[in-house]
There are 2 protein chains.
Amino acid sequence: MDLSIDDFYSIKSWYNILSDLPEPLPPPKEPGDGISRIKFMQKVMSRTCFSQESSSKSRIPIPDEVMKLHVQAGRPRPLYRARRLEKYLKLKSVKLYYKREDLSPTGSHKVNTAIAQAFFAWKERKTKLITETGAGQWGTALSYAAKLLGLECVVFWVRAVYKWKPDRSTLMKLYGATVHPSPSDQTETGRKLLKENMDHPGSLGIAVSEGLEYAEKREESVYCLGSVLNHVLTHQTIIGLEAMKQFESIDESPDLMIGCLGGGSNFGGFILPFAGEVLRKKRTCEFLAAQSMAAPNLVKGQYRYDFADVSEHTPLLKMYTLGHSVEMPAIKADGLRYHAAAPIISLLRHYGIVKARAYPIDENEIFEAARIFLKTEGWLAAPESSYAIRAAVDAAQEFEKRKENKVIAFNISGHGFLDLPAYKEKLFPS
Amino acid sequence: MDLSIDDFYSIKSWYNILSDLPEPLPPPKEPGDGISRIKFMQKVMSRTCFSQESSSKSRIPIPDEVMKLHVQAGRPRPLYRARRLEKYLKLKSVKLYYKREDLSPTGSHKVNTAIAQAFFAWKERKTKLITETGAGQWGTALSYAAKLLGLECVVFWVRAVYKWKPDRSTLMKLYGATVHPSPSDQTETGRKLLKENMDHPGSLGIAVSEGLEYAEKREESVYCLGSVLNHVLTHQTIIGLEAMKQFESIDESPDLMIGCLGGGSNFGGFILPFAGEVLRKKRTCEFLAAQSMAAPNLVKGQYRYDFADVSEHTPLLKMYTLGHSVEMPAIKADGLRYHAAAPIISLLRHYGIVKARAYPIDENEIFEAARIFLKTEGWLAAPESSYAIRAAVDAAQEFEKRKENKVIAFNISGHGFLDLPAYKEKLFPS
């Protein structure tokens, strides 16, 4: 669907679901070991983001400059009717729509919050953005946003992943970021580990520890997080707010919205504006998170307080969690590999507003779903997004069998141009 | 600039420049060895494309179905003002605009003609599209278009390139194409060469020969060409026709249009509608082709009859040519590596309407131009497109020095997600 730039600019604020939730979001807690994680986070994070984290305003104004940066990054992004996919699936009673977050400059939805976080840091006169990255999408998005604002960006990247994704680190470096394979020689944490093993493969926990240590020691820095936290999901609501306008423009309304979910930022961004209206009894709609059995936090996790990171630097958050030190198998869709779901999504799951389904680890059917999408609609989706496609196809077929007239919307969170080796390995093994 | 779907659909025909040229385009000629190349081409090509090749109508209607396929492929594509690049270059009197052909499903402008050719083949009840590919962009685009129309696609791909671009062949295969490294065992030409050397590296000439032999022996096939010929450039005018509407919507008009040029299809598609108005004295505008010194056909070539292919299967066309058997050094921007410029572009060059500039082979400044574009505008351009960016930056600085108020428009013919190894090699050698 067409959305004009003027219509896009009429979105003047992010939607913050906190005040519409069925109960107040359980607040972050200290683990009780005498070290205040909340104070620590307050110290290393952007002030604005930290305060947005607990804001009760349902609308958080988007600075004009951020709206312009979104336009620079190609927003608004289209919502398409998947007519060819419908035809392929012989759907008569079900309509399919998809949102194109893959059109972002770095190839995923992560730029949406990266732009906002970079802007707030710049506004607070910080000059350096620090982060860690696992799959690499977040590090790339933050590198991009930092460059737009003229800030430095330092990315600590799990060494094992850094090594097999040279293209993504080239992209971060092209954007001017400094990329350190983690463990690195930049921090005490890193140096200690390198002394033991010069070729230490690293882990997300180590990368987080390094990033936080690095940021804490530098006044000019802020530490940026790419998922899970409330402010991140709030920034991502630009996806759903656009989609809502797009659906209104064609007088259509989704009955089921689907996104893939690791930590929950693309899923949350897509569904929250709609979920808020469901909570305010203004619409009916169901929400389905598509997960991998490698990290089925919403499906098999417990709803309890847990750390958001392996290295126990964050406060405890109430989430559906598999345990912050759980071992998760390596998968192609490594953006889905996270032990817990964002607190907001977890609460919605707890109340039955969000449902979840976990698919076998990188099973061929997942890649087949991406292939069917490519062959019908023509677009190469990221392996993560292919979980959402798969879930949409399954749901469509179930509705169709029951002859239910339904509208399904799913989010293509990213493109797969840098994931072609994974597609080759799964679909064309030689 | 915004262009609504309705505005896009109001483009009802391609622009064919033939009747507006300062002299009739010199017709194709037979080499005089007793074998009619024209009859051969007529036999293997789509009837519609063959007749479009010599059409004198200035408007060739675009079938509604083709327009719909363009929309499926994400058209219209934006035209952006490069405000951040202008600021970086400290431009005060010069404005820069760029067109986003990189947003195509396969990552380049090649889909524009692929869609049209696939449609006409389908309409003529053919079931197989045959082609050769060098850099791989054309093969990918045709694979995509074939799939949209439910046709088979067979690509003969120079073995040496096929081997070092596994990602691109994965993409072709995902679209369902059959990709044969050439020389292959599918043709007599190929089998003969493989007998001599099982690991023959192949060449574009061999791939063309194989494709033509394969197509000639199969009634259900058409052979498709991705550049140089008149009908290909005509199909590509969708780029310029859109850009013209976009410029009109902001009451702006380019003084200089720039594209990279190998054979001339993205350059031609971008400029021809504007060049036609220049020829009809309806506007003033200059046109600059950015080339590589690896294949400076417009800069150093002779304007004479030559074969369009190394294997001498095509008729002779009057073109600026380096000679159809010239050796061209390998370059990163291998889409620019072609011995001659399209007859239409060559004639316009001959009359001084198109100018050309050739840059040193993959010099760092070319990659730097892409990096500057990435760091300011945020988008990763293909190495080919970076020649256009470089030429636009140079032209802007020259105008600025002379304080001339000028509007420059350049075309981003493709994205660089599959070219990151090339960027790494040039900009971050380890």
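**Helices and buried residues in a predicted model**

Biologist: How many nonpolar residues does the contact of α16(A) with α17(A) have?

Modeller: From α16(A), the contact draws on Glu365(A), Ile366(A), Phe367(A), Ala369(A), Ala370(A) and Phe373(A). On the side of α17(A) are Pro383(A), Ser386(A), Tyr387(A), Ile389(A) and Arg390(A). Sorted by class, two are charged, one is polar, and the nonpolar ones number eight.

Biologist: Now to helix α2 (residues 37–44) of chain A. Why do its buried residues line one face of the helix?

Modeller: The buried residues here are Arg37(A), Phe40(A), Met41(A) and Val44(A). An α-helix has 3.6 residues a turn, so residues three or four places apart point the same way. Looking down the axis of α2(A), the buried residues line one face because they fall within an arc of 95 degrees.

Biologist: Which exposed residues sit on the face of α2(A) turned away from its buried side?

Modeller: The buried side is covered by elements of chain A including α3 (47–52), α11 (204–216), β8 (221–223) and β11 (302–307). Turned away from that buried side, the other face carries Lys39(A) and Lys43(A).

Biologist: Which residue's side-chain oxygen reaches the backbone nitrogen of Lys39(A)?

Modeller: This contact is found at the start of α2(A). The oxygen comes to within 3.0 Å of that backbone nitrogen, and it belongs to Ser36(A).

Biologist: Over to chain B: is Val71(B) buried or exposed?

Modeller: Val71(B) is part of helix α4 (residues 64–72) of chain B. Leaving aside residues up to four places away in sequence, Val71(B) touches Tyr80(A), Ile5(B), Phe8(B) and Tyr9(B). Its relative accessible area is 17%, and the cut-off is under 20%, so Val71(B) counts as buried.

Biologist: And what is the relative accessibility of Asp419(B)?

Modeller: Asp419(B) belongs to the loop between β14 (406–412) and α18 (420–427) of chain B. Beyond residues up to four places away in sequence, Asp419(B) touches Ala382(B) and Pro383(B). Asp419(B) counts as buried, with a relative accessibility of 11%.

How values were computed: Residues numbered from 1 in each chain as written. Chains lettered and ligands numbered in written order. Predicted model: local features only at pLDDT ≥ 70, side-chain atom pairs only at ≥ 80, totals over all residues. Heavy atoms only, no water. Buried < 20%, exposed > 50% of the residue type's maximum accessible area, 1.4 Å probe, protein only. Helix = DSSP H or I, 4+ residues; strand = E, 2+ residues; numbered from the N terminus. Arc of directions from axis to C-beta. Contact = heavy atoms within 4.5 Å. Polar contact = N/O pair within 3.5 Å; in protein donor to acceptor, adjacent residues only side chain to side chain. Nonpolar A, V, L, I, M, F, W, Y, C, P; charged D, E, K, R; others polar.
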